2 protein chains.
Amino acid sequence: MDNPSSFIAQVCRLIEPVDQAWLSAARERQLTLTKPPGSLGRLEEIANRLAAIQRTATPVVTKKRIYVVAGDHGVTTEGVSAYPREVTPQMVDNFLRGGAAINVLGRAGGVEVRVVDAGVDADLSDRAELIQAKVVRGTSNFAVGPAMTRLEAEACLAKGIELAQAAANDGISLLGIGEMGIGNTTAASAITAVLLGCDPETVTGRGTGLDDGGLAHKIEVIRRAVEINQPKGGDAIDVLAKVGGAEIGMMAGIVVGAAANHLAVVADGFISTTAAALALRLQPNVRDYLFNGHRSAERGHTALIEFIGEQPLLDLSMRLGEGTGAALAMNIIEGAAKLLSEMATFEDAGVSNKE
Amino acid sequence: MDNPSSFIAQVCRLIEPVDQAWLSAARERQLTLTKPPGSLGRLEEIANRLAAIQRTATPVVTKKRIYVVAGDHGVTTEGVSAYPREVTPQMVDNFLRGGAAINVLGRAGGVEVRVVDAGVDADLSDRAELIQAKVVRGTSNFAVGPAMTRLEAEACLAKGIELAQAAANDGISLLGIGEMGIGNTTAASAITAVLLGCDPETVTGRGTGLDDGGLAHKIEVIRRAVEINQPKGGDAIDVLAKVGGAEIGMMAGIVVGAAANHLAVVADGFISTTAAALALRLQPNVRDYLFNGHRSAERGHTALIEFIGEQPLLDLSMRLGEGTGAALAMNIIEGAAKLLSEMATFEDAGVSNKE
């Protein structure tokens, strides 16, 4: 792509809020179904919004896909993760062989899992099933300078938009995002601190398992990264380039691309929600297309949920990533859609309505 | 059944706590799987308990079934529900035709839905697909006397135990309970108030949609029922007979029978949790076999959840019943089981473990 910047801007201009008329049509239909009004709670809200996204009163979830996007982080040289960096490519192979948690949940829930190399620091070009989209071979250490150039950050976003477009072309009706990247909670906490304008300490957690000393060090590294790079919170691409990661940028692009294609998209946990937050900063209208999969046990997610303004569907103390929370949430969204589209009406079923 | 009382006592004696050795074996296996320890949160606890229930380190959820148990309530003559009583048999027909919410979620989640007549006030004997288990043709109005005789209450429990046994014989590996019965939130609130020894006002809600006046009246009816019948909170069968309902008793029996057959069972919302609470009062060991599907929006459920000591898996502001929350939760339990049984280990996948 010659000019990702203008491509991103062009796609963002296409994104409009969902049509309130379809929301109303869905709400009307809910009242005709054989249940007390409102008794399906959030399932009704989910289905109504999906109806508006799909511009129908009878939304469908036929094909589901999760993109698991992988990338490495230069900041791991600062010792911010409990796991060594080679785990990222090892886990990519585990995804491709179907042995990881997301593969199991994908099979259980009928969700296609596609694995994307956005920035793994290893040559994975011979992996046939892997979507080859490498923008960087690991980011640079953002504790000493920017993680990526602005052009690289834009390339991540642009590629993500294309992945969402490809999903729409493949007839996917519900999209999810997940990630793998040793060190990426450090990037996610840095992004969150900058976007929300808060102290890194309040949004930094233990990741895959740091002890107290490790956590204090991680916070200090993030403070230094923010100090050195001075990312501008109002400019999502600047934040992504300076303290982000390739997989986070590509997930943000998927969210933007989903909205542009009238496709509902489900964020997973903490890291993918930072991607969603970056997408929102680029174009606030994407909020209408976004569902929040689960409440991560990782510190920082709660503040981010407030920022997104969309409560998670699940709260199971998970903190794995990979799209595992999104996969479970997609079943709930599918159920909600089917309820609205398939339940009998009072009239059809000959059931007496409220006295 | 000649003597349901001794049958129930005999089954209760069979129920033992789950084997701690299998719990430990499952926890050990979790540590070998390709994920940071504990990162799947409650999914790990669920899978470990399922392992202990099934006495294996690799639990399976192959066939899932929900019993939707229906019954009518004499107390509806007091005007405690927003819907007329004829809705119970109408909804039974809706279940049998596959048009209700539970049918939709059952199809979506691969859960077999079996409908049971425990006490509907209508002749449904010609419904071929309906499990004919009618104990009473609607309960008596417990605002003026006991809802059922003690023998009838025992017959409900015994039949429920038999339904769980039948599920075990059919190779079901995960069971759910749900209900339909106009007026049954009144019975559920009365049971909850008696079991927990609390003021009915604190555990009585709007059911399918009462207004403020209706709610105040419902609370007054429950107070009167407790005053007149003097149910003994320590005697589950006495509580069930005096202020319960046929479908609640049969669900309690299913919970007891599931535990006796080493079968995990998922409660739905408020009403089915009162059934689970009655089962616990009969035999505290059933707790080990019980999962709590969702947090109902109905007032009274929270206190009951404390009593059960088992947090719900979902919190989606649902208040429909029918087993809808259980159906969604069963997918989560199935996913949890598959994660424990199917994920690759660090060794198999060649993934480096924590540094």
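Helices (H or I, at least four residues) and strands (E, at least two) are DSSP runs, numbered from the N terminus, and the expected span of a helix is 1.5 Å times one less than its number of residues. This is a predicted model, in which local features need pLDDT of at least 70, side-chain atom pairs count only at pLDDT 80 or more, and totals for chains, interfaces and linings use all residues. Residues are numbered from 1 along each chain as its sequence is written, chains are lettered from A in the order in which they are written, and side-chain values use heavy atoms, leaving out hydrogens and water.

**Helix 11 of chain A**
- Helix 11, made of the 13 residues 270-282 of chain A, reaches 19 Å from its first C-alpha to its last, which is close to the 18 Å expected at 1.5 Å a residue.
- In helix 11 of chain A, 11 of the 13 residues are buried, where buried means under 20% relative accessible area (1.4 Å probe, protein chains only), and among them are Phe270(A), Ile271(A) and Leu280(A).

**Strand 1 of chain A**
- Strand 1 (residues 63-71) of chain A is mostly covered, with eight of its nine residues buried.
- Eight bridges join strand 1 of chain A to strand 4 (residues 172-180) of chain A, and the two run parallel; here Lys63(A) has Ile172(A) as its bridge partner.
- Strand 1 of chain A is also joined by eight bridges to strand 2 (residues 111-119) of chain A, again running parallel, and Lys64(A) stands opposite Val111(A).

**The two chains**
- Chain B can be laid on chain A with an RMSD of 0.0 Å by a turn of 180° and a shift of 0.0 Å along the axis, with copies superposed by least squares on the C-alpha atoms of residues with pLDDT of at least 70 in both.
- That is the relation of a two-fold axis.

How values were computed
Buried < 20%, exposed > 50% of the residue type's maximum accessible area, 1.4 Å probe, protein only. Pairing = 2+ DSSP bridges.
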